[in-house]
Structures are given as C-alpha cells and as structure tokens.
Amino acid sequence: MIVAAGKGLGKPENLKLAFDLAAVLGAEVGVTRPLVQAGWATNDRQVGQTGKTVRPKLYIAAGISGAIQHRVGMEKSDLILAINSDPNAPIFDFAHLGLVGDALTILPALTDAFSRRLSVNRLAG
C-alpha cells in the first residue's frame, strides 16, 4: 500500500498527514515530483515517469492532480483512491474511487477510521 501526496497538501508540514495514515495502514509514503523539487521529500519517494513505477494493492493519491508524468508511475495499481478538491482533476479519469474534498480534512478522518477499525480487528483476532 502507498499513501501518496501532491501539492494539494499546501505546505510541507501537511505531509505528516500522509505519514500518519501510512503508519496506521502499514503503508509506504510516495510523493509527486513537484514535492521533491520543492524540497518537501527526497527523490527516493517520488512516484512517476522520473521516479519509481509502483503497483501496490492500494494507492491513495492525496492532493495529486493526476498529471501524465505521475500517472505512468502508478496507474497499474490494483485500487486507486483519489482525494482532490477539484472535481475535474485528471486523476478522477483513471482512479477507481474518488473523494472530492480537502485532503487536509479527509486524510485525518481516514487515519482515525482505519485506526479504530484495525484496533477492533486486532482485539477480536
């Protein structure tokens, strides 16, 4: 699983939201090239044409528009969940599931929901 972040997260401090969700899911964190270029993350986390090509079971794209350079690096993922405030973002053209809304609100909600759900499963199992 990969939780990937784009410029839609607004500022470097908000990248923590992707790391928080990834920690709960046992996932890795990926980023777009603009985040690497801006110094938010190192290039070993970059997904896309000039980064890594990935094929995880779940790819959560938060604040990523879906430019072709990024798409070629992740479009073979089994399940792509896109989170973007722009309902016309290109990522919705190829994502399997889409949430139109602010990633800064949705990521913490997903982190909380998965955390609660997974802790219940651990207690029951």
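1. In helix 1, the buried residues are Leu15, Leu17, Ala18, Leu21, Ala22, Val24 and Leu25. Buried means under 20% relative accessible area, exposed over 50%, and partly exposed in between, with a 1.4 Å probe and protein chains only. Helices (H or I, at least four residues) and strands (E, at least two) are DSSP runs, numbered from the N terminus. An α-helix has 3.6 residues a turn, so residues three or four places apart point the same way.

2. The model is a predicted one, in which local features need pLDDT of at least 70 and side-chain atom pairs count only at pLDDT 80 or more, while totals for chains, interfaces and linings use all residues. Residues are numbered from 1 along each chain as its sequence is written, and side-chain values use heavy atoms, with hydrogens and water left out.

3. Is Ala23 buried or exposed? Ala23 belongs to helix 1, which covers residues 15-25. Its relative accessible area is 61%, so Ala23 is exposed. Between the C-alpha atoms of Ala23 and Trp40 the distance is 18 Å, with 17 residues separating the two in sequence. Just after helix 1, Gly26 adopts a positive phi of about 70 degrees.

4. The loop that leads from strand 1 (2-5) to helix 1 contains Asn14. With a relative accessibility of 15%, Asn14 counts as buried. Residues up to four places away in sequence aside, Asn14 touches Leu9 and Leu104, where contact means heavy atoms within 4.5 Å. The side chain of Asn14 also reaches the backbone oxygen of Leu9, at 2.7 Å. Such a polar contact is a pair of N or O atoms within 3.5 Å; within protein, one must be able to donate a hydrogen and the other to accept it, and residues adjacent in sequence count only if both atoms are side-chain atoms. From Asn14 to Arg117, 103 residues apart along the chain, the C-alpha separation is 24 Å.

5. As to the overall fold, the chain has four helices and five strands. Their order along the sequence is β-α-β-α-β-α-β-β-α. The radius of gyration is 14 Å, close to the 14 Å that the globule rule gives for 125 residues, so the chain is as compact as a globular protein of that length. This radius is taken over C-alpha atoms, and the globule rule is 2.2 Å times the number of residues to the power 0.38. Along the principal axes, the C-alpha atoms fill a box of roughly 45 × 30 × 25 Å.

6. Of the 125 residues in the chain, 45% are buried. Among contacts between residues at least 6 apart in sequence, 48% join residues at least 24 apart.

7. The loop between helix 2 (33-37) and strand 3 (58-62) holds Asp44, and Gln46 is found in the loop between helix 2 and strand 3 as well. Asp44 is partly exposed, at 46% relative accessible area, whereas Gln46 is buried, at 5%. Leaving aside neighbours within four places in sequence, Gln46 is in contact with Val31, Thr32, Arg33, Val36, Gly51 and Lys52.

8. Ser77 sits in the loop between helix 3 (68-74) and strand 4 (79-84). What is the relative accessibility of Ser77? The value is 4%, so Ser77 counts as buried. A polar atom of the Ser77 side chain lies 2.7 Å from the backbone oxygen of Met74. Not counting residues up to four places away in sequence, Ser77 touches Val54, Arg55, Pro56, Tyr59 and His96.

9. Which residues does Leu110 touch, not counting those up to four places away in sequence? They are Leu21, Leu81 and Ile83. Leu110 lies in helix 4, residues 103-124, and counts as buried at 17% relative accessibility. One of its contacts, Leu21, is among the buried residues of helix 1. Leu110 and Ala38, 72 residues apart along the chain, have C-alpha atoms separated by 26 Å.
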